[in-house]
Amino acid sequence: KLAEMLPSSQLTVLGLDKNQITDAGLMKLAEMLPSSKLTYLDLSSNDISDAGAMKLAEMVPSSKLALLDLGDNDISDAGKAALKNLKNKDGKYLTDY
């Protein structure tokens with residue numbers, strides 16, 4: 001339900017760390033990023049893998065997201081590489097922690 005509310009929300013910062021979010025939950029959230037106002041998203045300490053990282057990498061260029069925390073997840077070097085050097089729709093490089 002949170003993902004469905006994002007497009008109409010004024011939220012720019014969202015902390016979802018330690019919420020047992022899986023790739024399935026992240027897919028729904030990532031689909032809503034382009035229509036949201038989020039600039040910072042904390043998804044640290046969840047159950048996200050390379051599949052979730054790849055989906056985020058796909059959606060970031062059409063979003064306002066500038067800061068992303070995916071620390072303490074199950075993301076390999078390949079998943080991390082997919083998130084490197086991405087720019088959001090405002091032309092700002094995505095910073096990850």
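The side chains of aspartate 96 and lysine 84 form a salt bridge, with N and O 3.9 Å apart. This pair links distant parts of the chain, since aspartate 96 sits in strand β4 and lysine 84 in the loop between α4 and β4, 12 residues apart. Aspartate 96 is partly exposed, at 35% relative accessibility. Lysine 84 is also partly exposed, with a relative accessible area of 46%. The model described here is predicted.

### Salt bridges

The count of salt bridges comes to four. In general terms, side chains of opposite charge can pair when their charged atoms come close.

| Pair | N to O distance |
|---|---|
| Aspartate 96 and lysine 84 | 3.9 Å |
| Aspartate 90 and lysine 64 | 3.6 Å |
| Glutamate 58 and lysine 55 | 3.4 Å |

The salt bridge of aspartate 90 with lysine 64 has an N to O distance of 3.6 Å. Aspartate 90 belongs to the loop between α4 (77-82) and β4 (95-96) and lysine 64 to the loop between α3 and β3 (67-69), so the pair ties together parts that are 26 residues apart in sequence. Aspartate 90 counts as partly exposed, at 45% relative accessibility, and lysine 64 is partly exposed at 30%.

Glutamate 58 and lysine 55 are placed otherwise: both lie in helix α3 (residues 50-59), three residues apart, about one turn of the helix. Their closest N and O atoms are 3.4 Å apart. Is lysine 55 buried or exposed? Lysine 55 has a relative accessibility of 13%, and buried means under 20%, so this residue counts as buried. Salt bridges with shared partners join Glu31, Lys55 and Glu58 into one network.

Serine 63 is located in the loop between α3 and β3. Its relative accessible area is 0%, so serine 63 is buried. The side chain of serine 63 reaches the backbone nitrogen of leucine 65 at 3.2 Å. Apart from neighbours within four places in sequence, serine 63 is in contact with Leu33, Pro34, Asn88 and Lys89.

Asparagine 88, one of those contacts of serine 63, is found in the loop between α4 and β4. Asparagine 88 counts as buried, at 5% relative accessibility. Which backbone atom of leucine 65 does the side chain of asparagine 88 reach? The side chain of asparagine 88 comes to the backbone oxygen of leucine 65, at 3.1 Å. With neighbours within four places in sequence left aside, asparagine 88 is in contact with Val60, Pro61, Ser63, Lys64, Leu65 and Ala66. Lysine 64, in that list, is also the salt-bridge partner of aspartate 90.

### The largest pocket

Rolling a probe the size of a water molecule over the atoms shows where empty space is left. The largest pocket has a volume of about 210 Å³. Its lining consists of Lys1, Leu2, Ala3, Glu4, Leu16, Ile21, Gly25, Leu26, Lys28, Leu29 and Met32. Which element gives the largest share of the lining? Helix α2 does, with five residues. By type, the lining divides into seven nonpolar residues, one polar and three charged.

Definitions and conventions: Residues are numbered from 1 along each chain as its sequence is written. This is a predicted model: local features need pLDDT of at least 70, side-chain atom pairs count only at pLDDT 80 or more; totals for chains, interfaces and linings use all residues. Side-chain values use heavy atoms; hydrogens and water are left out. Helices (H or I, at least four residues) and strands (E, at least two) are DSSP runs, numbered from the N terminus. Buried means under 20% relative accessible area, exposed over 50%, partly exposed in between (1.4 Å probe, protein chains only). A polar contact is a pair of N or O atoms within 3.5 Å; within protein, one must be able to donate a hydrogen and the other to accept it, and residues adjacent in sequence count only if both atoms are side-chain atoms. Contact means heavy atoms within 4.5 Å. On a 1 Å grid over the protein atoms alone, a cavity is a set of points where a 1.4 Å probe fits but cannot get out, and a pocket is an open set with protein on both sides within 12 Å along at least five of seven lines; lining residues have an atom within 4 Å of a point. Grid points are joined across faces, edges and corners, and a volume is the space filled by probe spheres set on the points. Ala, Val, Leu, Ile, Met, Phe, Trp, Tyr, Cys and Pro count as nonpolar, Asp, Glu, Lys and Arg as charged, and the others, Gly among them, as polar.
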